[in-house]
Structures are given as C-alpha cells and as structure tokens.
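Student: I would like to go through this structure with you. Could we start with how helices pack?

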Protein chains: 2
Amino acid sequence: MKIKVSFLPGGREAQVDEGVCLLEAARLAGVGLEGDCGGLGSCAKCRVIAHEGLAPPTVLEQERLDNQDIAQGMRLACQAQVKGPAQVTLLPSSTARHHILEEGVSRAVRLQPALTKHFLPLDVGDWKRSGPLAAMIRERLGREGVRRADFSVRALQSLGAIDPAGQEGLTALLFQNQVLGFEPGDTSGQLWGLAVDIGTTTVVGYLLDLTHGRIAAVASALNEQQIHGADVITRIDYALHHPQGLDRLRELVLSTINGIIERICQQQGLPDQAIYSLMVVGNTTINQLFWGIPPRLLIRPPYNPIAMEGLSASAKEMGLRINPLGMVFSLPLVSGFIGSDTVGVVLATGLHKSRKPRIALDIGTNGEIVLTDGHRMAACSCAAGPAFEGAHIQCGMRGCSGAIDRVDFKHGRIACHVIDEVPHQGICGSGLVDAVSGLLASGLITADGRLLTRQEAAGSPFADRLSEEPLTQFRLTEKMLPPASRQVVITQKDIRELQLAKGAMLAGVSILLDILDLGPEDIHEVLLAGAFGNYVRPRSALGIGLLPTFPRARIRQVGNAAGSGARMALLSQAAIKEAIRIAERIGHIDLARYPDFQHHFLKGLAFPHELARPDP
Amino acid sequence: MKIKVSFLPGGREAQVDEGVCLLEAARLAGVGLEGDCGGLGSCAKCRVIAHEGLAPPTVLEQERLDNQDIAQGMRLACQAQVKGPAQVTLLPSSTARHHILEEGVSRAVRLQPALTKHFLPLDVGDWKRSGPLAAMIRERLGREGVRRADFSVRALQSLGAIDPAGQEGLTALLFQNQVLGFEPGDTSGQLWGLAVDIGTTTVVGYLLDLTHGRIAAVASALNEQQIHGADVITRIDYALHHPQGLDRLRELVLSTINGIIERICQQQGLPDQAIYSLMVVGNTTINQLFWGIPPRLLIRPPYNPIAMEGLSASAKEMGLRINPLGMVFSLPLVSGFIGSDTVGVVLATGLHKSRKPRIALDIGTNGEIVLTDGHRMAACSCAAGPAFEGAHIQCGMRGCSGAIDRVDFKHGRIACHVIDEVPHQGICGSGLVDAVSGLLASGLITADGRLLTRQEAAGSPFADRLSEEPLTQFRLTEKMLPPASRQVVITQKDIRELQLAKGAMLAGVSILLDILDLGPEDIHEVLLAGAFGNYVRPRSALGIGLLPTFPRARIRQVGNAAGSGARMALLSQAAIKEAIRIAERIGHIDLARYPDFQHHFLKGLAFPHELARPDP
C-alpha cells in the first residue's frame, strides 16, 4: 500500500511506502529539497511544516529544532517518517530557485564533433544491387573519407528496420569509423549534443546544435545525489558501504541529467531522440560514480582513480534518455583530486597556451587551483570545506533567491543585497566574504580572526551589533526586518570556518607558487571560475586574504569554465585531443603530502593586516 | 487471473491467460510439443488429448481430425484455446525424445581462442603504487604481448569491484586488445566456450574447455522458434508482419540456447558464469533473427542479407546467460541462401583445401550443396521442402523415438527398424527414402513416380498392400501391429513430395557440376552432412536418385559438420580467419535464376531406371 504525500506550494505528489523519510518523498515528487549533511539530521536545513501523517519527532529533531518550531509543526524532512497521507509545506529557503552559474568563457573551436552524420542517397536500383547493403554503404562512406567502416550489431538492426520503399536514401550516424546506426531519409541536419558539467552540488547542461556549433539552450538542476551527502567523501562511503549504494548514486545522477534533457528538449520543442552525443565533465569522484566504477581506491593512498582516460559508452547501455544509437563521453582525469572539470577549465581558458604566468581558481564545492609559469602547469585541490557555499555557517545558505549575496559597510551603515530582492533568509558565500571583509575593514575582527567584544569595539558605529550571548556574534540584520525575513548573524564560529576555507585556498596558491618558483608579483592574470569564484567580489576576496595580493595581475571572472570546456569538447575532436594533452601535462600536487603544508596553512589562516582598518 | 494447465506424462505445468492456445501453454511449461506449420492448424501434428477446460473444437479441428478422435477428446494444440484449468495428455509421437545429430568430423586446430585470460600477480605494493591501476595493468599486458590494451567501461567497473585486500592478483579477460573485465585471484584455468549450431528445427550446443581444447559435453533442443513456423519463410513473415514479431523470434532462440546452457552446466556441475564465449552458426535467416536484424531484404530480390560479416556483441547486451563479461560471435555468411552453417561444413571438412573435386551436401531442413573442383568452390541452396525431415508426409515424423528409420524389402517381406525399438508412430526421412527405394526396386513405382495399382502389381508379394481407397497408397505396416503403434502408409502424394525434394537436390548437384565443368565421374568424395545426410543409407539415396551415381566417389557421412566448424572457430582465431576466407571464396549460385534450372529440375524428378527392378 502506497501512501500519498503532497507538497505545497506547487502541489507535487509522490506515492511512497510507509517509513520512507520526507526527503526521499520530496525527491520522488520531483521537489528539490536541500540539505548539506546527506540526511544525517545535522545541518537542519531541510526544515518543512507538516501536521499529519508522520511519526512523532525524533530525538534528533528535538535537539535541532526549537520547541516553539516543533509546536508549529516544523520537521526535518530527512528524519520525519511517513506513516499516513501527509501534506507538507515547504519553507521559502528550502525551495528557492537556485541561481546556478551557467555561463562561462570559451575559446573558438573548429566544428568537428566526434559523432557525425552522412546522408547517402539511394535509389531503387541501389537497394536491388547484388551484394549486401552494408558492403555498398561501406564503399560509399569510403569515398567520403571514412575508412573501413565497422558496423555494430545495433547499426545493422537499425539498417534492417528501414523499408527501402519510397526512401530517397538514408543517413548513417558514425563515431570515427564505427557506424552506430541508420535513419531513413536525410536527417543529417539534425544532430544535437549535450555538454554536462556534473558538479557535486549542481548539474548544468548545455544543448548544442552540432551542425552549426551554436548553444541553443541551457538548463540546470541540483544533483540528486545530494540526498546521500553534500560532499564526495560521504557519497563514496555510501557507494561502498550500502547495498546497491553505487547503483543508487549512479541512478540519481542519471535521473538528474535525464531531467535536464527532458526540460531542455521541451523548451526547444525537440524530441530527446534529436540528441546523439553527451560530453560530461566533473570531479574524479563524480566521474567514477557516473560511470558506475566502484570508487574504492579513491579513499586509499595514493588516492588514484582506477583509470584516468576519458571514457565512452553507448547511451542506451548507460540509461541516458537521448537517441539510443547515441554515445556518452567523458574528458580525462588528472588524479584522484583533480577531475575532468579542471581539465575543462584549462581547455576553456587556454591556460595551457599561456606564455606568461597565470593562475586559475575553480571554487565550487571543492576548490581546485591550476598555475602555469608559461611552460609547466601544476594543480592542487583544496579541502576548503563548504563555507564558500554557505554550508556549515549559522545563517548560511546557497546562492539562491533570498540569500544575502553582497554586503557593504559604509558611513556607519550596513547595506545588504538580496538575490531576487525578496525578504532575506540567510547569507551565501559571496555575502559572507563581503561581510567578514567589511568587519575586518571596520576593525571589528583582529588579524587572527577574533571578533571584538562590544566593550572592545566601543566607539565603532557597529558596536551594538556585537553580543556574546548566546553566541559570540555580529548581528548583520535586525530581527524580522523586513517582515518574513530571518535574522542573519555572523558568529565567531562562522569566521573560524571561513578562516579554514580561505587558509586552505591560500596555502594551495602559495605552495603552487613555491613549486613553480614564482612570486605573486610574477602573475599576469588570475582567473576565477565556478559559482563562488564568479560572484565573489575580488576586492572582498583580497580583503579576507582568500587570495594573496597579486600586484600586477588582472582578476578575471570566467564563469562556469568547466562547462565551457565540455562544450568545446562536444563540438571538436581537436579539443578532445587538446584535453588529453592537458590532462597529461598538468602536474598534480598532493597538498596533504607536501612537507610545508602545515606551515603554509597556519600562515594562511590569518587575515591580512593592512586591511584590518576602518573603511575611509 | 492465470489458469493452470498441466501436461501428462511428466506433470509439467504452466499458468496462462484465458484464450491462450495449448501450444503456447506447452512452450511455457517447457514441454516440447511440435508441429510443422507454425500454428496454422494445417499439419495436424500437435495432437493432444484433453477433456476439460478448453473452448469447443474449431472448424479447422473438425476438418483435420476424425469424428471418432474428437469424441475421444483429441485436439490440435495450436487451435484449442484454454478457458479453464486443463489437464492435457500428450501423445507419444508428439513428445518423443528427439535424436538430434550431435557428432561430426572436425579438423585439428591450434588452440588460440578469441577470448583469453591473463593472470596478473599483484602484491600490496602494486595496489599502492602511484598512477592509476589501469595504466599499470596496461603496461603488464604489454609485456605479455597485448599492445595498447583498451579498457571498456564494464572492465573498469569490474576492476573497481575487486577489493585488493588479500588478493594474490587478478585475472584479466581479453578479446584481442580489448579488456572485457577482471576477476579477483587467478581464474585463468576457468575458460569455457559454447559452440552452437542453430538449425531451423534443432539447436545443438557443444561445451568446450578453452584452456585444453576438449569437448566436455553436448546438449541439444528443438528450436523454440518452431511455434511460429517450421520453415524460414514462415518465420520471416512472422518477424516482419507481427508486432514485436522479430523480438519474439529472437527471444525464442535465445531461450532455446539459454536452456541448453542451463542443462549443460548442470550436467557438468559448472556455473553458467564459467562460459565466456559463444560461437554460433546457422543459415542466413536464422542468423539475422538471432542478431535481431529485421530480415526484410531476404525476401526481396536479390535476396541478400544486409551484411555478410561475422558479428560480435557482449553476452550481457545479447541476453545470453553466460558470464556477463563474455562475448557472442557468429561466422560470416555467403549469401541470402548460404549461411554460416555451410561455411562451418566447409571449415570442418576441409573441402576448401581439397586439390581434387569433392562435393558436400548438408541436408537438414534446407539443403545446401558445396562443390569444389580443387580450385574453385560453388554452392547452392535447394528448396528441397521438408520431406526429408518427415514433414508434409502422411505418416511422417521427425527422426525421434518411435520413427521408422530403416526399411528393408527382402524375400517378399518388409522389415522396419524403429528408433528406440518402441511401437512405431510414423516414418522419418531416412525410412521414407528406404521405403521408396525398396518400392522402386520391387517394381511397384514406375520411373516417373507412379505407384502401381494392385492389379498392375499382380504377382508381386507386396501387391495386396496396395490400395486406391481412400487414397492411392502402400501399406507399410499393419494396423495396430504391434499394439499401440500407428499404421504407416506411403501415399502417392508422399512419393510426389519426395520426388520434388530429391529433384531439387539433384538439380542443384547437376547445375553445380555444369558450372564447374565437371561430370559425376570426376568426383572423388561425396560428404553427407546434417541429420538426414548422416542417417540416410547411401544405397537408398542412390536408389531414389537423390544423388547422381558418382562412379569413382567414396561416400562419407560426416555428421553435424556445421557444428564441428563452429567448435573449430571457438577454439582458434586462425579457424575464424579461415572461415572468413572460405565465405569470400564460395561462389553462390542462385538456382532460381539459373537458366537451365527448370530443365534440370524436371529431369531430376524421375527415378533412376536401372534400379526400378525387383530386388534379387
């Protein structure tokens, strides 16, 4: 007996078994309800309101929620078990439309996709010629430069399904010299591809017309794997230690991508059969989960994936809802810590072609840094933690509707900008960096990261916003101002989280500079990629010392460069070859094993002295 | 609501929907009930006894069955629809264990199977080395002579599933340089293959130990596709004109092979996972149905298959219950009429290596002939019709328990040998040829095939066996002698059927001789392959003029040579290459388009004069 659970606003429904948690019910209903902790009940971000049909609040819910909230029917979706028909009201912060970074720089490529179509005119005489049809097609393709065309069983099945009567010819779909299939008539003008950047948190798909090379549409979604953990380590653990855990995670990412395909095709009025080719990039863990490769070796020294090469498989076999004759590809990996998304960033920004020292930082859920001295390339991955994403922060939230994304301390006042200009519900990474940078500039935080007491700050126009009870914190906004908003505070613990995150990034930058024997003054350009990298204000990033001061560098925000790299690879086999060379050329630095890491990290924790003074 | 139908003897059961015919119910119950006509109700060979649970006899059943039989509950399984729980009694002739020809000649080959296993010893240090595991394995395989090993996604999935802890190493499964998968530990001693000869009527599987090259077991079954027609034309029609017809036929042949796999593995105490490789041969139609290729072009001039080459696919994708990492292969075809079974016959008999003129005849459901003059090879396929298989013959049956398979006219008496020496139920192909040869030798049939009347035969000791009412026929056995037997007669129509069959074969032989500019006296050896070819007595075959008199030829019965060819190909890549060259070298003669065909055919209808005399 299935039980109906419906979600408001929107009215989406799911039929679930008794005992299922609301988070799973939401997923089944197609409702994007989010949490950071993978359903452990620790982040308390999947709060919902429900009065009926649920088991009583668990001990964990009683710990994480106020008694007042519980009295009003507030529950943690990851803990509350369905017992009967339930109507669930979503809170604005948990359903906010996510602002997923979809745009990015890209370099021009020559249009030469891996999958091609060849129209072969055939008349009645051709069908009646002696000798098998495949042999004649092989000969014709040979004249078009396809040597020794090799037919798969599936290609012959599709060829056999075509009735020659009334056909002007047929169209062959090829991957190099492998014939993947046939379609009746001339369909050579219909060849679409999807470039997919699979992030730990968000998945972005770009629909490309492979006959002209243009982007037709973009769509994004939260990675459904989040239900089993916000970070890759939790997901690896789930994949290895739950029965069918790997299959489940694979299904979730495929379901996310299939959802994007469905949406993007609907938007464009295209059948999903029109997409023949899919190119994915992602970090190494996400890549292994996507391909269904058990990530066992990723958590054991020396933390290598089983194979680094870009992989390919038939779309049908993979379970992706594009044309069943189509194919799925991935770009190569660099190491267990540096995935094909970083290869995509380098490909899109052309960092590998730079003759001058340049550095690229891709700050998403994970932070990756690539540095070139004009000859060599070195990369590292920083365990920055989730602070830049607004996670593990008292009033933190992702960069979506209702998040404070910009904070200005000016003339004794604080101005907050809220995404979509609605009542604020929390603060996202770029807002947090702004706020802490402002607190530093206002002298309310010491260089070692301590928030002053109200007494110590006496004389500051912001002194009365400081308090020590119940937590050492700074009131960024007032309670219920504007109405329906949530009070946002910056706690001492938040500042410590940010210090850890920026310390890790800064240590990474410093070590890469050391290794390539460069100083900050040698760098000509700093490229900031990824969602956080794109939205953070460079001045604030420098303000908190997330980056060292690069005196001669231009700072350029390049958007979702990983996705741009995937797009280039989808359009051009030359770009795929370039990506293979990039992956081979990047030297990976394992920070944890670098002897000076502790020193750099501790040094990086401190905030810059010179900026810890009031704004003029 | 499913309805239970049980079958006696044996007690097998099936749960079926209302309205399903008993033939389908028998298939679901795993009961081999046979007919020739594909469920059209015309052959009346699927007779059973059932008193309850069925719809009343159809008009067709009333036509085909005696009123007396109907009164006793006799039904045609292909017509009788299930309405309620039914108990069905099978008649001996419809359930007889089939004597399927399993043995055959074979040439020695060097053991070098397409799929190989390589054990790679690995110690803890190897697992902990830097660099991806796949790269290290590629390098090790390179040292063993495998160049640039290419890993499929499935191979990496199976590699990732292996926990290095406590492993002495792992075993790689390869097809050429493609790595198909990995197994923990050393499994290189376990590598089995199945060679399968898929006949229109029967399927034979040979289990081979690919590490030693020996045959471990043989098993056979009736091709389950028969439910949709005894001949390939009926099946093509079903594949093209029934919704999901092709899928259905493909599932039936896969189900037949999976049944053989299950049985053969049980016999040998092997898990089905131990089989990694499957090599099939079969006629062109059967080949296309096996691979799921719509056979549209096979029934239109110039009657070519879409592709001639041998195909391969993953066992998992094909739905065959061997190791999911394994592969399935087929040998190449020669034309729409000459399949890989004929290529197998040539491969096994070495006909292509002969420096002297030799001829091979594979007489199964279809008749194929290959002739070599010591240099060239020519082949044709004869529309012999099903008479040699006992079909379309008044009292005909397949060569199974209860069939008269040998008939001797001696000293005024007729001696019949019955397979398994049980009460006879009918006559099979070799018995029919014996009987007609005996009738010819006794002077009871004229050279143009007319059965004498009793008056004309006056003086013959067999004259009283002749009658004109209700049919012009010859009583081979007496009614109910021995008890529980069925009276067997040879009708004028049976003789005509046999004339058509042998006329077609003889025309084929004559035309091939013409084309290669040979006479019967040039032939050094006649090879008889296939079930009928193996069991027919050469003297009787010559007696009815199925073969011309080859004055200098040795006649050799080579058994299931097609299956032997499949076994050679499974054991040896060199044999596969040889098969490819054979398929390219055989010239196919389309008899229907040969200008002198009518002349040869009409000439071939006549029985030999010189033998139309009484036995001494």
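Student: Which residues in H12(B) and H18(B) meet?
Tutor: B:Val343, B:Val346 and B:Leu347 of H12(B) meet B:Ala575, B:Glu578, B:Ala579, B:Ile582 and B:Ala583 of H18(B). Contact requires C-beta atoms, placed from the backbone, within 7 Å; helices are DSSP runs (H or I, at least four residues), numbered from the N terminus. The residues of this contact comprise seven nonpolar, no polar and one charged. Here Ala, Val, Leu, Ile, Met, Phe, Trp, Tyr, Cys and Pro count as nonpolar, Asp, Glu, Lys and Arg as charged, and the others, Gly among them, as polar.

Student: What should I know about the model and numbering?
Tutor: This is a predicted model, in which local features need pLDDT of at least 70 and side-chain atom pairs count only at pLDDT 80 or more, while totals for chains, interfaces and linings use all residues. Residues are numbered from 1 along each chain as its sequence is written, and chains are lettered from A in the order in which they are written.

Student: Moving on, how many residues does each chain give to the contact between A and B?
Tutor: Chain B gives 29 residues and chain A gives 29 residues. On the side of chain B that touches chain A, the elements giving two or more residues are helix H6 (133-143) and helix H7 (153-160) of chain B. H7(B) supplies the largest share, five residues.

Student: How does that side divide by residue class?
Tutor: The side of chain B that touches chain A has 20 nonpolar, six polar and three charged residues.

Student: And what does A:Val436 touch?
Tutor: Leaving aside neighbours within four places in sequence, A:Val436 is in contact with A:Ile445, A:Ile490, A:Ile495, A:Leu498 and A:Ile544.

Technical notes. Two residues are in contact if their C-beta atoms, placed from the backbone, lie within 7 Å.
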